[in-house]
Each structure stands twice: as structure tokens, then as C-alpha cells.
Amino acid sequence: MKAWLFPALILLVSHGVLTAGGEDIATPYLNAVRQHADLALEHGRDTYGPKSTPLFADGLQRGSLEPVIWPMRGQKSYLSNFGSQQTFLRTLCGLSALTGDPQYKQAAKDATAYALQFLRADNGLGIWGGHAFYDLRTDGPVGMDGHGHELKSHYPYYQLFWEVNPVATEDYIEAMWGIHVKNWNTLSFNRHARFDRESTTDGWNHEFKDPEPFFTSWGLGFVTTGSDLIYAAAELYEFSGQEKPLLWAEHMARMFEKTRNADTGLCGIQYTLLPKEYHGGDRAQLQFGQEMGPGVTEGTVAALPAQLELYGDVGICYMQLGESLNSDFGRELMSRASRSLTAFAQYAYDPDKDLFYATVSDGRRILPEDIKRVGYYWDPDLELREIKMQPVPPNPTFFWAYSLAWRQTGEEAHWKMLGHLMKTFHLGELGGVGEKPKLNLTTDCLEPEVLLGFLELYRRGRDPSYLAMARCIGDNILAEDVHDGWILSGPHRANIQFDALEPLALLHLVGALKGRESEVPLAWATKADLHLNYASRGKIFDTVVLWDVDQPEG
């Protein structure tokens, strides 16, 4: 080797690109994702019903490589929920960007084009999301007679939508706003939108009266759906230059901001309250009002251990969308997310017990023993609600969220919370701001959210130790989660979930190692799940019966 190459090689090694032997250390991660995608293209596309389509199954059974099944009303459907495939689409596009092989992005484009053209109700809504999907076996929709369209922290890949079919993308976003929103004067909306309901909109030309929060409405307007509406309208503005969608996104974001308690900084998860005609009225007031007073409502319950999306999923959405917009509104979104995360750590988190508690926006906590009667927040007959008030340890999404908040703001409160989370996941010690961290490079952490969090820390100061930690987690994923060429969401999973975050996180690691981070589509903290009747078990989430299920031992 010529002498002048040695300094360059040393520089590349120091930045994590080459090993001492000159091998590209990003290659194993890239090859793993490529092999996973090749298998998905080979086995996961629709060849099952009367006609073949470019659609993908949501995943496959590990043993047979047949699509996962959703049994409902005596029919065993092959599950294809386009709303639950948005991380997968981003993975395919990122893979094409990093490899130069167009087949992966083309497969994503073909599936998206088909969904935008054929998986649409007459009113423009997509037949996908929380309560509907497409059956690859019968080539027909399932769930259209139920709650209808629902997005909650789905954050679709609208950039690809727009590239494939801008007219259909605009039509879908307008339909989503026009059918979910019940009253444009107040921005009362429902997380559910029926496929047979007519739109309330004539474009974006409406009057907004900017009401005070906590008014009575029949809609259950959770912030998880609200953030999806805000994100969609802001994306439409970014692609088309239309100002009015962005204005309505600002209006809705400000309505959620009005729920913030001035003393604590905590926000509620909705700005409307149910009327008494709806099973007696506000469900939090019915269950806790007698003991805790009128200040406890569904609008002021700021944190539920079983539903912490406001601070993880929605917080990441606000921060990433705000950064993309690069405007006064964008900066407001980032600031609001940062303030919420600070308050969340202060009031809902117990660092000694490493637990998050149900918390009212005024700072009061609700303990399981505070529940004196059966209701929405505790019902032993309902699987999910039985645990809604139990304190829970932090989940990996919080490490990602606080890392992103630290990268954007540099606020010490986020660094302090990251220090606690480092202990939670056995990652070592951060030390004080500006100190050299003592990282646990022998960690067994497999969480893709934590990998993405370390990449955010690396992006702030380019400290190579954070990139080394991201590589360590990437190595763990390759060692533990890759089986028969598939990247699983856990080493013992019974099913292969295409929308798993691990492949996209590995591509972001490759991008960081190669200095090509901007070429990989952003990862979003999606909670894209399906909630429908499942055989004799009643209504249940697909995460419970499909994606968090391990193979039987032996």
C-alpha cells in the first residue's frame, strides 16, 4: 500500500467505516437487510387469491412461510394491512438507496400504487389501519362493517405515496381529514371514520373558531390520531406547497397544546369530553371523579402506563416533523415535544423504582389502589384495560425520544433522563454533560429503538463511542434475531413481521457508518396495529396474537 493511503485509512477506521484489514464494516448489516428483503420479495408477495397483486402479506409463519392468518367469522384470512407496512416500505426504499439496486423500491412503489388505486372506499378512505385489512386469499376487504378507518401513530410513508400518485395521495389525505373531522369550527374529530360516511369538507375552506379545550363532543379525538392528521396535512403542504393544509395542522396542534397544564407542563391526550348521553359521560370522571374531583377527565389524564404514546410515538413525530418543516410552526412542534418530555420525566417517572405511573396533568398520580370501581380504566373482563393503571418500566422508545430531544435542544433535563434510561437497559453511564461516557460495549441489548437513540446522540457531537454502541446493538441483532435469513423482532418469534423496525434501524446504522444518513428514509415510532375480532377470543390486537408470540419450546 502506498504511504499516502495510511493516514486516510486511519481516518476511515476512526470513523467506523473500515476494519484494520480494509473491510467495510457496514457490509454485514447491509447484507442482512438485503437477504431479509430478498426473502420477503420471494415469499411475501400476493400469489394466493383468484388474482395476483403487488401487495405484501403483513408477515409469514416461520415454519410454512405461509401468510399469517386472521380467523374471523369462520373465515381464515391472509392478512395484508397496508397501514401496518409503512416501516417495511421505508426499509425497501432505503435498501435501494444504499445498494443502488432499484428492485426493492420498485416493489414498494408497486404495492403503494395498487393500494392507492384499489384499496379505497367510495368516500376515499384507505381500507387499512386499526380496524380493516385486505384478505389476500379472497381478494376482498375485511372489517369494513365495523369501526372503519383508524390511524393511531401509523405515520404513512407519504413521500412515497406522492412519488407514486400525487392525485390519489392528496385525495386520501383530504378524505381522512374530511371524514374524521366532525366539526371544522371546533376541530372536533373521531379516531374512527366509517367507510360509508360522506366527507364534511369542501377542500380546506372552513372557518375555525379556536375554542377553549375540553368542550363536549361525540368524537374520541385521541392525540395518536390527531398526530396522524397533523402529520398528513403537513406532509401535503411539503409536497404540494398548499398553505391551507398546514394551517389546519397548526390549528389542531394548538388545540392539543391548550390542554397543557400551566404549572406542570403536562398535556392531556385529547381536548374534547364525551357527553352524558354516551354511557354516562366522561369515562375518567365516572371512574375517579368521586374521589379525585372534577379536574380528572379523559382530557386531563396525561399519562397511562398502557398508553404512553403521547411522549414516545407522538413526541418523536412532532420532533421529526418539526425538523423537516424548518419553520416557526416546526420549531413550535419541537419545543412542545421537548417540554412534554421534560414534564413527563418529572411527574410520571419514579427513578428509584424505574417505573412510570398513571398521571393527571396537574401532577397527581393514580395508583391501582385508587381505583374503587369497574370502568374504562379498569375492567377485569377486558384484557387490555385490566392493566391500564399498573406502573410500568420504561420502554425502548423513550430512549429514542429523549436522545432525539437532547440532540435537538441540548437541554440538561433530557440528558438526566437518558442517564436513568442507560441504567434501565444496562447500557453503561453517560456521566455529566460534556464528560466522557462509560459505555457497556458488552451489552446484550437488542432494541432497534435504542440503536436509533445512540445514532441521535452520535449526530449531535459525532462522538464515535455512541456509534460504537449503535454497532454493538446492531451486532446483537445479527447474532440473535437473524434466523434462516430473516430478521425477526425477537429471537424466538413464531412469525416473521415485515414491518419490524430492526431492518430499517440497521440501514440507519449503515447510513451513519458510510456518511449517507440522509439517503435512508426516516424511521417513525409507529404503533400500527390491527384491533379486530379474532376467532373466539373477541376483539384483540395483532401484536398480542401474532407479533409478540414466541415459538413453543422444544
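In the predicted model, an open sheet is formed by 3 strands in the order 10-13-14, with antiparallel pairing; strands are DSSP runs of E of at least two residues, helices runs of H or I of at least four, both numbered from the N terminus, and two strands pair if DSSP finds at least two bridges between them. The edges are taken by strand 10 (301-303) and strand 14 (365-366), each with a single partner strand, so one side of each has no neighbour in the sheet. Strand 13 (residues 358-360) pairs with strand 14 over 2 bridges in the antiparallel sense, and T359 lies opposite R365 of strand 14.

Residues are numbered from 1 along each chain as its sequence is written. Local features need pLDDT of at least 70 and side-chain atom pairs pLDDT 80 or more, while totals for chains, interfaces and linings use all residues; side-chain values use heavy atoms, without hydrogens and water.

Buried means under 20% relative accessible area with a 1.4 Å probe, protein chains only. Among the residues that F399 touches, leaving out those up to four places away in sequence, are L418, F425, V450 and F454.

The chain contains 17 helices and 21 strands. Of its 554 residues, 58% count as buried. The C-alpha trace spans about 80 × 60 × 55 Å along its principal axes.

How values were computed. Contact = heavy atoms within 4.5 Å. Buried < 20%, exposed > 50% of the residue type's maximum accessible area, 1.4 Å probe, protein only.
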